[in-house]
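Hello,

Here is the structure I promised to pass on. Have a look at it first, and then read my notes below.

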Amino acid sequence: MNSVNLDQHGEALLQQYRDLRPSLEQLCQQAYDLLCQALAEQGIYVTAIEHRVKTEQSLAGKLELKGAKYKSIDDVTDLVGLRVITFYTDDVDKVAVIAKRIFDIDWQESVDKRKLHQLDAFGYNSLHYICRLKTGGPRFELQMRTALQHVWSTIEHDTGYKGSVKIPRKYKRQFSRLAGMLELIDDEFSRLRQELTDYRRQIQSLVKSGQLDEVPLSLESFRNFIDQNHFDYLNKRIAAVNQAEIYPVSMMPFLPVLESFGMETLGDVQRFMEENGEDAYQLALAQLAVTDLDILSSSTALQYLCMVYVLKHDGGREGLKSIFDTINGESEANGVLAEMMLEQAETLPFMQKKQ
Amino acid sequence: MTTVLKEENNDLVMYFEGRLDTSAAPEAEKAVAPLKESSGRNIILDCSQLDYISSAGLRIFLSVLKSAKPKGDHVYIRGISDSIRAVFAMTGFVNLFEFK
């Protein structure tokens with residue numbers, strides 16, 4: 001199997017491991033399933049959840065180095081290992097809380113490596129719990145760390161264990177500096193997430209309270225605006241022309257169109273709806289009433305609003321083509337479409353008034 | 001209304017010919033079933049010989065798109081006439097499909 005030399009005690013431990021192996025496999029799967037389920041229930045998204053039973057070769061290596069430390073195989077706490085790799089540092093603590101809830105933790109053996117460093121030192125950062133299923137059985141190790149901590153420790157492990165040459169101080173220091181840098185980046189990512197959450201809440205409350213002039217038009221705010229069903233009334237009015245079903249689609253492709261109109265706040269969008277709603281309805285009516293089309297996308301109202309806005313601002317054929325080019329990619333066929341739309345619009349009162 | 005399914009350069013191409021209206025819809029619905037079952041291939045709805053599409057036809061196209069999207073497959077509409085493109089535009093579906 002390998003070139004490991006074990007004494008009698010080590011061989012005995014290895015045999016105990018072989019006997020235990022099937023139950024370790026079972027424990028590994030059970031612990032993994034429990035953890036996955038609990039994280040999913042709490043809505044915690046992580047980059048990876050790894051699980052493994054220690055290989056015989058790896059255990060033999062460990063026993064060769066420090067076999068005397070273990071009285072029985074039960075003293076080796078990482079025969080089964082799970083690792084949760086999170087996006088954010090805060091999530092490491094959340095995973096830890098969940099672990100405490102679903103497993104029994106052996107606090108004597110568990111260690112928070114994040115707290116072991118001196119104030120001026122940086123290095124391996126990870127939270128290790130030694131756990132047991134609530135139903136009993138052997139202990140297992142659960143490691144929790146962020147993706148950046150994982151990258152650092154994987155590279156450090158890979159480099160440190162390769163070859164027999166001792167790593168000089170200056171390279172060790174380089175690793176520590178990188179650990180410090182990654183810790184800083186981890187903190188910045190968490191801070192950014194918190195700030196974005198606060199911003200979203202603030203936008204939501206402004207949209208809810210109708211203070212739309214205070215809300216800059218952005219991906220986030222426009223999505224909120226749509227979620228508040230501001231286009232529903234006009235959509236339903238248009239759908240009523242042919243008793244049509246409204247098929248839900250994303251309205252986000254229209255954001256660049258609104259931005260191209262120079263709209264800067266949700267207040268601008270609100271006024272755009274109020275000023276063009278009736279004419280948008282008339283245009284939709286002129287087009288749809290002569291058909292039996294009884295299915296419409298939920299972006300229909302917004303599309304007609306944009307078309308009316310362009311026509312009222314002398315955008316003509318090119319302006320209409322530009323809407324279709326923006327939402328559907330540039331194409332000459334959009335020019336033909338624009339001409340057809342323009343032709344149908346020309347008889348409408350708002351176009352007559354303009355002339 | 002006739003439909004023909006072909007494989008072209010690993011794409012699945014469904015050719016529509018005639019009028020895709022309410023009366024043709026049940027047959028067309030059956031015809032597109034293999035498109036909904038496919039995975040990992042582009043789907044092309046060839047409309048170069050399609051004269052007319054009603055809401056029932058739109059619903060069939062939408063159902064193909066709905067089954068393809070979660071699988072990450074693309075649905076292209078090819079050879080569409082101006083009048084049928086106008087139907088997609090009037091109903092607000094023009095940006096939902098990719099046109100070839």
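Let me start inside chain A, where A:Phe272, A:Met273, A:Asn276, A:Asp279, A:Ala280, A:Leu283 and A:Ala284 of α9(A) meet A:Thr300, A:Ala301, A:Tyr304, A:Leu305, A:Met307, A:Val308 and A:Tyr309 of α10(A). Contact here means C-beta atoms, placed from the backbone, within 7 Å. The residues of this contact divide into 11 nonpolar, two polar and one charged (nonpolar: Ala, Val, Leu, Ile, Met, Phe, Trp, Tyr, Cys and Pro; charged: Asp, Glu, Lys and Arg; polar: the others, Gly among them).

This is a predicted model, in which local features need pLDDT of at least 70 and side-chain atom pairs count only at pLDDT 80 or more, while totals for chains, interfaces and linings use all residues. Residues are numbered from 1 along each chain as its sequence is written, with chains lettered from A and ligands numbered from 1 in the order in which they are written.

Helices α9 (266–288) and α10 (300–312) of chain A pack at about 100°, their axes 8 Å apart (axes are lines fitted to C-alpha atoms over the stretch in contact, and angles run from 0 to 180 degrees between N-to-C directions). α9(A) is therefore roughly perpendicular to α10(A), a label covering 65 to 115 degrees. Helices are DSSP runs (H or I, at least four residues), numbered from the N terminus.

On to the interface: 18 residues of chain B are in contact with 22 residues of chain A. On the chain B side, α3 (55–68) and α4 (82–90) each supply at least two residues, and α4(B) gives the largest share, six residues.

As for confidence, the predictor gives the complex an ipTM of 0.91 and a pTM of 0.63.

Best wishes

How values were computed:
Contact = placed C-beta atoms within 7 Å. Parallel < 35°, antiparallel > 145°, perpendicular 65-115°, else oblique.
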